[in-house]
Each structure stands twice: as structure tokens, then as C-alpha cells.
There are 2 protein chains.
Amino acid sequence: MTDRRTSRRVRNAEDKRRAILDGARAVFMANGFGGASMDAIAETAGVSKMTLYRYFDSKEALFAGLIEASCEKILERDPSAPLEGLPLKSALTRFGRQLLETVYAPETLALHRIVIAEANRFPALGVLFYRSGPERNIAALAEYFDGQAAESGSGIADPRKSAEEFFELVRGYTHLRLLLGVDAAPDAAARAAQVDRAVGTFLKTLFPERHGPDPG
Amino acid sequence: MTDRRTSRRVRNAEDKRRAILDGARAVFMANGFGGASMDAIAETAGVSKMTLYRYFDSKEALFAGLIEASCEKILERDPSAPLEGLPLKSALTRFGRQLLETVYAPETLALHRIVIAEANRFPALGVLFYRSGPERNIAALAEYFDGQAAESGSGIADPRKSAEEFFELVRGYTHLRLLLGVDAAPDAAARAAQVDRAVGTFLKTLFPERHGPDPG
DNA sequence: GAATAACGATACTGTACGGTATAGTATCGT
DNA sequence: ACGATACTATACCGTACAGTATCGTTATTC
């Protein structure tokens with residue numbers, strides 16, 4: 001029975017591969033591409049260096065594999081999952097909270113940092129990351145806007161642009177501050193407040209006539 | 001006359017220092033901290049490696065010196081210079097155009113990349129960068145808002161937050177796409193269009209009652 | 001239970017790099 | 001003109017690292 005079900009060898013191989021990628025993630029994210037050594041990765045992964053090279057041809061290949069795996073993990077989530085029928089304000093709030101939860105998470109920040117840092121050396125990974133993450137969020141929200149437009153009759157002029165604007169308002173400069181290590185990570189309450197403000201601001205840009213004079 | 005005016009020796013020293021920093025900028029920005037070698041920097045700067053170490057104690061010190069110098073250069077500009085008395089819309093437009101011109105410039109993008117990348121290894125530089133750049137822009141705009149409030153009577157509830165929101169809308173996701181190498185740098189016309197849209201959107205968030213129904 | 005493949009441990013190679021030492025040359029101040 | 005200082009060029013040291021080779025061990029397959 002060479003491979004009834006999945007042979008044990010294959011499963012072990014998958015385990016090894018996961019272990020290697022986990023170790024690579026830890027070391028690469030903490031030290032960057034240049035600061036990470038293959039010896040350190042092997043040790044962190046609990047694997048001999050030979051095994052490393054059995055699974056990945058080179059340091060570059062390992063790095064690329066890691067980023068691709070991280071992007072695939074992002075892709076597993078459906079960003080628009082349960083929001084199809086929701087009213088606008090609720091949908092925006094949930095979109096926003098979900099965004100901040102993932103985007104402010106240390107792992108996501110580390111991924112941002114390293115992909116931005118190595119965008120020169122690995123141009124394809126920058127594109128892959130953008131398409132797997134931000135791009136999909138934007139597309140999902142834009143699609144939701146389109147659905148809303150069909151329902152309510154009155155549509156948004158440029159759903160894509162509006163979607164981008166919403167996410168910009170949500171993530172805010174806090175995102176940059178986190179990437180730079182200026183701020184500490186905000187807790188759930190702070191994140192919720194930030195989303196609420198962003199939703200309020202954004203709704204004014206969509207339907208200015210519904211809001212009275214604001215200043216004060 | 002050991003130093004009537006500035007002695008020639010110190011002028012030469014300043015020149016050398018500038019040359020070294022220029023070389024360091026080119027190499028660091030192109031290859032990152034880890035990918036940059038002191039030999040390459042020396043060669044690019046047209047200077048012997050010994051001279052490098054006469055001016056900077058170590059690679060870290062040189063890197064820190066470079067970032068500090070870059071931040072000082074940013075600080076020389078007064079972000080709020082000629083906008084004091086301008087009406088709101090004009091002021092925002094000029095704020096916005098100035099922001100995009102500098103923030104989308106390749107050197108600024110490279111600085112962003114490298115500071116974000118090395119925020120772990122050099123936490124102080126991340127803070128320095130933020131305070132020299134984004135923070136000052138935000139503060140300048142917030143101050144302008146305060147001035148407007150004093151003039152017009154009706155103020156903005158949270159000028160700082162509003163200033164951040166404006167700049168978020170202006171730089172947009174294009175900034176991330178540029179950092180990731182997904183988009184090519186937009187030309188002046190595209191930047192102007194982006195600013196105009198951001199200004200329009202932002203004004204709706206400030207004075208929703210002044211704008212009629214928008215969708216369509 | 002033998003054959004086979006994967007793995008661990010470790011030693012090794014070549015090289016690139018950070019930093020230093022040295023020796024000789026140009027430049028500056030007086 | 002002379003002494004001091006800055007600079008170049010180059011060789012060098014130690015180390016760290018990417019990648020390879022070897023060998024003994026374990027575990028899987030049939």
C-alpha cells in the first residue's frame with residue numbers, strides 16, 4: 001500500500017515542512033532576511049540544516065516559500081464572509097473591526113515590515129502580498145457596495161475608491177506608528193473606538209446630506 | 001589664524017562627511033542595512049574604508065547617522081510655511097500636493113522602507129523618523145485648523161484626528177502600493193487628481209451640511 | 001526482516017564581511 | 001619649510017554564514 005490514504009511518509013514530510021516554515025517565520029520576522037541565518041532557522045525549527053536544504057533549495061527559496069505560505073494563510077479567510085445582507089453601518093463596523101484585528105496583530109505587522117523591506121530584492125513577493133491581503137479586502141468591500149447599490153437603487157460613484165478610503169480611515173496613521181514601533185498595540189476597546197470614528201467619518205463622505213452641522 | 005572664518009580643514013571634513021553620507025545613502029537605500037557592505041559604501045563614496053571609520057565608529061553608527069541626517073533634511077522644511085492665511089480648500093490642496101510630492105518621491109519611499117525594516121534593530125530611529133516627518137505634517141495641519149477655528153468661530157472637534165484623516169485620504173493605498181512596488185510612481189497630474197478627490201472627500205466630513213446628495 | 005529513504009549531527013569549504021593595521025602620500029596650518 | 005594631521009591603498013584577521021559532504025541512525029515500505 002504505497003499510499004492508501006496519505007502515506008505516513010508524506011504526512012511526516014508535511015509536518016517537517018510546517019516545522020521548517022514555522023521556524024523560518026520566527027527567525028525571519030524577528031531579524032529580517034539579512035539578519036536571519038540558516039543555522040538559526042534550523043535550530044528554531046528543531047531540524048537539521050540538511051533537512052532545510054532538502055526542502056528548500058536556498059535561503060531565497062525558503063524566504064519566498066515562507067511569504068507565499070503566509071499569503072496563502074491570509075487567502076483562506078473570506079473577507080466578505082457573513083456581511084452580504086447587513087445594513088451599511090453594521091457591515092462597515094464589522095469590516096473595520098476585522099481589519100484592525102488582523103492588521104494590527106504582531107504577526108501581520110511583521111509580515112508587512114519584511115515584505116516592504118525586501119520589496120526591492122523580491123518584487124514578486126510584494127505583489128503577491130498586496131493581492132492576497134489589502135487588494136482582497138478592498139475588492140470585497142467594493143463588491144458589497146455594489147450589492148448595496150443594487151438593493152437601494154442609489155449607488156456609489158466609485159466603489160473601489162470609496163472602499164480604499166474607508167480602509168484608509170480605519171487603519172489610520174496608527175498603522176504607520178505601529179510599523180515604526182512608535183505606538184504600542186491598541187487594545188480591543190481602542191480599536192473599536194477607532195473603527196467607530198472611521199465609520200462615522202466615512203458615512204459623512206457618502207451621505208453628507210444626512211448629517212447636520214458637525215463642528216463643536 | 002587657526003580658524004578665521006571656517007578653516008579649510010573643517011570644510012574639507014564637512015565635504016568628506018557629506019560624501020560618506022551620500023555614498024551610504026545610495027548603498028543602504030538600495031540594499032538595506034544587512035545587504036550593504038562597508039566596502040561598497042567606501043567605494044561609492046569615493047573614500048577609503050579607513051576614512052569611513054574615522055568619521056563613524058561602526059556600521060550601526062553610520063546607519064544611524066545617515067537616518068538622522070535624512071531626518072534633519074526633512075526638518076529644514078517648514079511644512080506650514082505659506083499657508084497661514086489661506087482659505088480652507090486652497091490650504092488643504094497645497095498641503096496635499098506638497099505631501100504627495102515628497103512622500104511619493106523615490107528617496108522618501110526608500111527612507112520609509114528602510115526605517116520600517118530596521119524599526120526592530122533601531123527603535124530610536126523609527127521614533128525619530130516619525131517625529132521628523134509625519135508627526136510634523138500632522139501637527140502643522142492641526143495648528144492651521146486651530147487658526148481657522150479662531151477666525152471663523154466654529155472649530156473642529158479634534159483637529160489632530162482630522163489632520164490625520166486628511167493625510168490618510170491624501171496618501172491613500174497608493175502609498176502602500178508604492179512601498180510594495182506594486183504601482184509605478186504617479187505623475188504630477190495623477191497626484192493632483194488624487195489630492196483633489198481627497199480634499200473633496202475630506203470637506204464632506206467636516207461640513208456635511210454644505211453638500212447635497214452625492215451618489216450618482 | 002531486509003531494502004530504502006529520510007533524518008540528525010557535525011564537520012567542512014569557500015567566501016564575504018566588519019573592523020584593524022600599516023605604510024606611504026597629500027594637504028593644511030604656522 | 002616643517003611638523004602635524006588627514007587621506008589612500010592594501011593587506012590582513014577573525015568570524016559568521018550559505019551551502020555541501022559524510023556517516024551513523026531511525027523509521028517506513030513491502
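Trainee: Anything to know before we start?
Mentor: It's a predicted model, where local features need pLDDT of at least 70, side-chain atom pairs count only at pLDDT 80 or more, and totals for chains, interfaces and linings use all residues. Residues are numbered from 1 along each chain as its sequence is written, with chains lettered from A and ligands numbered from 1 in the order in which they are written.

Trainee: How many residues does each chain put into the contact?
Mentor: Chain A gives 43 residues and chain B gives 42 residues, with contact meaning C-beta atoms, placed from the backbone, within 7 Å.

Trainee: Which element gives the most on the chain A side?
Mentor: That's α9(A), with 10 residues; helices here are DSSP runs of H or I, at least four residues, numbered from the N terminus.

Trainee: Do the copies meet through the same surface or different ones, and why?
Mentor: The same surface, because 98% of the interface residues of chain A are also interface residues in chain B.

Trainee: What rotation superposes chain A on chain B?
Mentor: One of 180°, with 0.0 Å of shift along its axis and an RMSD of 0.1 Å, fitted by least squares on C-alpha atoms of residues with pLDDT of at least 70 in both copies. That's the relation of a two-fold axis.

Trainee: And which residue of chain A comes closest to the rotation axis?
Mentor: P208(A), its C-alpha being 2.1 Å away.

Trainee: Switching topic, where is R97(A) found?
Mentor: In helix α5 of chain A, residues 88–103. Leaving out residues up to four places away in sequence, R97(A) touches R191(A), A192(A) and V195(A).

Conventions:
Contact = placed C-beta atoms within 7 Å. Helix = DSSP H or I, 4+ residues; strand = E, 2+ residues; numbered from the N terminus.
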